Every structure is written in structure tokens, then in C-alpha cells.
Amino acid sequence: MDSFFSLFKQYRHGIVASTLLLTAVFLMLSLHTGAIGFRAVQVFLLDVTGPIQQVLLWPREVYRWGAAGVEEWVAVHDENVRLRQELARTRFRRGRLEEALAENSRLRALLGMPMARGYLALTAQVVGSASSAFARSMVLNAGETDGVRMDAVAVAPDGLVGRVVTVGRSHAVVLTLMDLNSRVPVRVQRTRAPGVVTGTNDRSLVMNLDERPPDPMAIDGIATGGNQNLLNLEFVSKKAPVGMGDLVVTSGTGGIFPRGLVVGRVVALNPQGVGLFQKVALAPAVDFDRVEEVQLLLHPLSPGAGATVDGGPTGEGPMPPAARESMGLTGGVAPGR
Amino acid sequence: MMPAFLIPWLPGMTLILAVAVQELALGWQGWGVLRPDLVLICLFYWRLYRPDRCGMGWAFITGLMVDVMTRLPLGLTAFTQILVILLITRFANRLRVAHFLFLVLVMGVAVLLEQGFQWAIMSLLQGPDARWALFWGRGVATALWAGPVVAGLIWIHRLWVENA
């Protein structure tokens with residue numbers, strides 16, 4: 001027994017290192033990110049590090065608040081004049097929109113379709129982003145106590161950001177579109193051709209130059225390497241009409257992403273592709289390196305969901321018109337799935 | 001100054017702080033490319049100068065924290081950090097007497113080595129794609145930031161020694 005302990009003492013470092021290395025390998029190979037035990041660990045660590053990040057971001061917030069205050073004060077007169085003009089125009093537009101909404105309801109009723117279900121919105125600040133070269137995720141300062149649930153959809157004013165994959169008590173992790181593990185069902189807005197957008201983790205999308213389309217516009221758009229920040233549009237049939245610059249939006253299938261959220265634009269395509277499908281690359285609508293706040297679209301059926309899309313107890317005010325437009329939200333209700 | 005019971009936990013606290021700062025979101029693109037591996041700098045320092053308070057366990061725990069926060073496969077960073085720590089331990093006696101500038105270079109190389117290990121494993125799990133600017137930038141950034149970060153750690157270490 002004594003010799004066993006002395007042996008252990010002698011090789012203590014080696015034994016500890018080997019045990020930890022084997023544990024790490026075991027975790028890598030056996031635990032998928034959705035495992036029950038793993039989720040508890042994720043939530044705990046998120047709750048430990050999240051508040052520290054929020055404290056560390058305090059100077060930036062003070063600076064932004066001060067700078068925004070000064071800018072606002074300087075521009076207040078011009079803005080007032082502009083807003084008065086805009087208000088007059090908006091009153092007219094609102095009347096037309098209300099009419100269109102009423103007409104839409106009538107037509108839906110005629111078609112026997114269920115009414116579109118509304119999503120609730122919650123504004124959250126991005127307090128952390130993946131430092132790794134192999135992942136694209138963000139940490140938000142909103143969690144379970146704010147009503148955030150798994151698979152809540154995150155959007156920025158320019159379009160879709162991703163979906164919540166981990167929820168802590170007061171923080172959550174969003175898997176962005178750019179991550180290799182991201183899959184989003186979409187349609188090309190113009191032609192309604194379906195496809196699936198997948199993340200590339202900034203991989204350079206090399207289109208086969210020998211198979212490039214004859215259209216000179218398309219050749220200009222071919223991504224040939226470098227840190228492109230592009231997305232893949234997969235499973236687009238060779239017969240499907242897709243053109244350069246086409247807008248791609250969420251299709252609403254799959255049950256996670258609501259229909260009509262802007263994902264990106266086609267910047268490179270090879271209609272010949274490989275096998276049955278075209279090769280298409282998208283430029284994401286959102287600049288993921290500059291996202292500071294996101295709106296989380298919460299399904300109203302998820303318990304604890306907080307504010308409406310027009311702001312409320314947990315929201316930070318009305319969503320900007322650009323955001324609403326890009327998200328396809330009108331009248332406080334998102335289009336149906 | 002600081003409660004006595006907290007003093008031995010200083011390396012651990014600095015490591016957790018390093019994880020939080022390293023994964024902090026700053027709306028500045030340059031930061032993304034030149035983001036240092038603060039955790040490895042802290043592990044490097046404490047492993048050299050207080051190995052009794054910074055064992056493999058801390059490398060494992062902080063690695064898991066980074067994996068969880070970045071949504072990497074759980075255990076990836078833990079695994080590679082332990083490998084790097086093993087290397088540092090192997091050459092600890094030589095490194096302790098080396099010039100600071102040499103150590104800075106070694107830290108940069110250690111980070112690139114860790115990134116290389118991660119790339120090798122990730123290639124097996126999900127293909128060889130990576131953000132290469134971030135990959136190489138991290139080694140450079142670590143070497144550049146090592147000076148101020150280590151100065152901060154030396155200051156904390158001094159407080160510790162004075163308290164003792």
C-alpha cells in the first residue's frame with residue numbers, strides 16, 4: 001500500500017495531467033452540447049462570467065451614453081423639423097397601412113388560414129463574443145429571468161443574427177449565422193426558391209472558376225478567397241432561378257425562425273454547381289463584428305416572455321422602423337410561420 | 001487590503017477574470033483579430049512563479065469555461081491548454097531565468113502552438129476551416145499584450161507576498 005502511495009506521489013503530475021487530458025477527450029467525444037448535465041454546467045459558467053463582462057463594459061457604456069447625449073443635443077432642432085415633416089407623411093401612410101391590414105385580415109379569413117402569430121421582442125446587449133477561431137457565438141445580457149428561452153431568434157436592425165442555444169439565469173448564448181453549426185431554412189425573395197443557409201466560420205468560399213457562369217456580373221461576384229465573411233446557400237436546385245444581388249429571407253419552415261427575416265444577398269453563384277444543386281454564396285445582411293444590441297423574438301407561448309414588439313416593461317422602446325421593415329414586422333405582429 | 005482567505009485564490013481569480021475579459025464584446029473589428037489569449041498569459045505566469053497554486057486543474061477549468069462561452073466542443077480548449085501547460089512545466093526551470101523579451105516570444109509561440117493543436121482536433125471534428133486572421137493574430141496579440149498583463153500580475157503577486 002505504502003509503495004502504491006509513494007509511486008502515486010512520484011508520478012503525481014503525470015497521473016493528474018493524463019486524467020485531465022483523458023477527461024477532456026471523453027468530454028469532446030461523448031458530450032454533445034445539448035446534453036442535460038452539460039446544459040447545467042453551461043448555465044452555471046454563463047452566470048459566473050456574464051456579470052463580470054457587464055461590469056467590464058461599464059466604461060464603454062458611459063462613453064456611449066455621453067457621446068450620444070451630446071450628439072442628440074446638437075442635432076435636436078434639425079431632427080425636430082425633420083420629424084414633423086415625417087409625421088405628416090406617416091399619418092397618411094398609416095391610414096393606408098391600416099387599410100391594407102384590414103384587407104389582409106379579411107382575405108386571410110376568406111382563405112381559411114390561421115392568423116399570424118405575434119412574436120414578443122426583447123432588447124438585449126451583446127456583452128461577449130467568441131474569441132476562438134473556430135466558433136461564432138455571442139453572449140447576451142438577458143436570460144431566463146427576462147423571459148429568454150431556447151431557440152429565441154436574435155435579429156439586428158439589418159437582419160437575422162442567429163438563435164439562442166444556451167440560456168442562463170441572466171445571460172444567454174446566441175449561435176450566429178456564421179457558425180459552422182448554424183442551419184437556417186430560407187427562400188430567395190424574388191423567385192421563392194428554397195434553400196438552407198449554413199455558416200462558413202469565415203471560410204473562404206472558392207467557386208470553381210472553370211464552371212463560372214457567363215454573366216460578367218456574376219464573375220465579379222465570385223468569392224475567391226480571403227476572410228470573406230460569407231454564408232453558404234445550399235440545396236438550391238440547379239433549375240431554380242437565382243440571380244446576383246437577390247435578397248434571401250427566412251422561409252419560416254422548421255418552426256424556429258419566423259418567415260421573412262432578411263438573411264443576406266447573393267454575391268457569388270455557380271449555376272452548374274456540383275451534383276443536383278447550385279453553388280451560391282451570400283453576403284450576410286448583418287455585420288457580425290459590429291453588433292452591439294439585438295432584438296430577441298420570443299414566442300408568445302413561451303412562459304415569461306416580456307415585452308411586445310412595440311416596447312414594454314423589458315423592452316428598451318420601439319423597434320427602429322428600419323429594423324421592423326427588414327424583419328417584415330408590421331402592426332406589431334410578425335408574419336406567420 | 002484583501003481578506004486573507006482570498007489570497008491563495010488570487011491565481012484562480014485572475015484566471016476567471018482573464019476568461020471574462022478575453023471573451024468580452026467590443027465593437028471594434030481590430031480587437032477581434034488582435035485579441036490576446038489572456039488566459040494562457042495568466043496560466044503561463046502563475047505556472048512559472050506559483051506552480052503550487054496553479055496546477056493542471058485550473059488549466060482544465062478555465063479551458064472548459066472558454067469552451068462553454070464560445071460554443072466550442074467541450075474539452076477542446078481544456079485539452080490544448082493542458083498540453084501547453086505540460087510543455088511550460090517541462091521547461092519551467094529554464095524559462096524562469098530567461099530574459100523577459102524571450103518569454104514574450106515564447107508566449108506568442110505557445111499560443112500559436114495551442115491554436116495549432118485546436119486546429120488539428122477541429123479538423124477531425126468539423127473540417128479544416130478556421131478564421132485564419134484570428135488564428136495568427138492571436139499569437140501576435142498575445143506577444144504584444146504580454147508585457148502589460150504580466151506587469152499587472154507581478155503587481156498582484158507583490159500584494160500577495162506583502163500580505164504574507
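**Chatting through a two-chain model**

Guide: This is a predicted model, and chain A holds a closed barrel of 6 strands, in the order β1-β2-β5-β4-β3-β12, with antiparallel pairing.

Visitor: Nice. How are neighbouring strands of that sheet turned against each other?

Guide: By 45° on average, if you ignore direction.

Visitor: And how many bridges join β3 to β12 in chain A?

Guide: There are 3 bridges, linking residues 153-156 of β3(A) with residues 293-298 of β12(A), and the two strands run antiparallel.

Visitor: Give me something to click on. Which residue is the bridge partner of A154(A)?

Guide: Go to L296(A), which sits in β12(A).

Visitor: OK, zooming out. What does the secondary structure of chain A come to?

Guide: You'll find 12 strands and 6 helices in chain A.

Visitor: How much of chain A counts as buried?

Guide: 37% of its 337 residues. As for contacts in chain A between residues at least 6 apart in sequence, 65% of them join residues at least 24 apart.

Visitor: Switching to chain B. How do α5(B) and α7(B) pack?

Guide: Their axes are 9 Å apart and the angle is about 140°.

Visitor: Why are those two called oblique to each other?

Guide: Angles have to be over 145 degrees to count as roughly antiparallel, and this pair packs at about 140°. α5(B) and α7(B) are therefore oblique to each other. The crossing of α5(B) past α7(B) is right-handed.

Visitor: Which residues make the contact?

Guide: From α5(B) it's L76(B), T80(B), Q81(B), L83(B), V84(B) and I88(B), and from α7(B) it's A110(B), L113(B), E114(B), F117(B), Q118(B) and I121(B).

Visitor: How do the residues of that contact divide into nonpolar, polar and charged?

Guide: For α5(B) with α7(B), you get 8 nonpolar, 3 polar and 1 charged.

Visitor: Now the contact of chain B with chain A. How many residues does it take from each chain?

Guide: 44 residues come from chain A and 38 residues from chain B.

Visitor: Which helices of chain B each supply at least two residues of its side?

Guide: α1 (10-22), α2 (29-33), α4 (56-70), α5 (76-90), α7 (100-126) and α8 (132-163).

Visitor: And which gives the most?

Guide: That's α4(B), with 6 residues on the side of chain B that touches chain A.

Visitor: Last one: how do the residues on that side of chain B divide?

Guide: Into 24 nonpolar, 9 polar and 5 charged, for the side that touches chain A.

Note on methods:
Residues numbered from 1 in each chain as written. Chains lettered and ligands numbered in written order. Predicted model: local features only at pLDDT ≥ 70, side-chain atom pairs only at ≥ 80, totals over all residues. Contact = placed C-beta atoms within 7 Å. Helix = DSSP H or I, 4+ residues; strand = E, 2+ residues; numbered from the N terminus. Nonpolar A, V, L, I, M, F, W, Y, C, P; charged D, E, K, R; others polar. Buried ≥ 20, exposed ≤ 12 C-beta atoms within 10 Å, placed from the backbone. Axes fitted to C-alpha atoms, helices over the stretch in contact; angles between N-to-C directions. Parallel < 35°, antiparallel > 145°, perpendicular 65-115°, else oblique. Left-handed = near helix turned anticlockwise from the far one by under 90°. Pairing = 2+ DSSP bridges.
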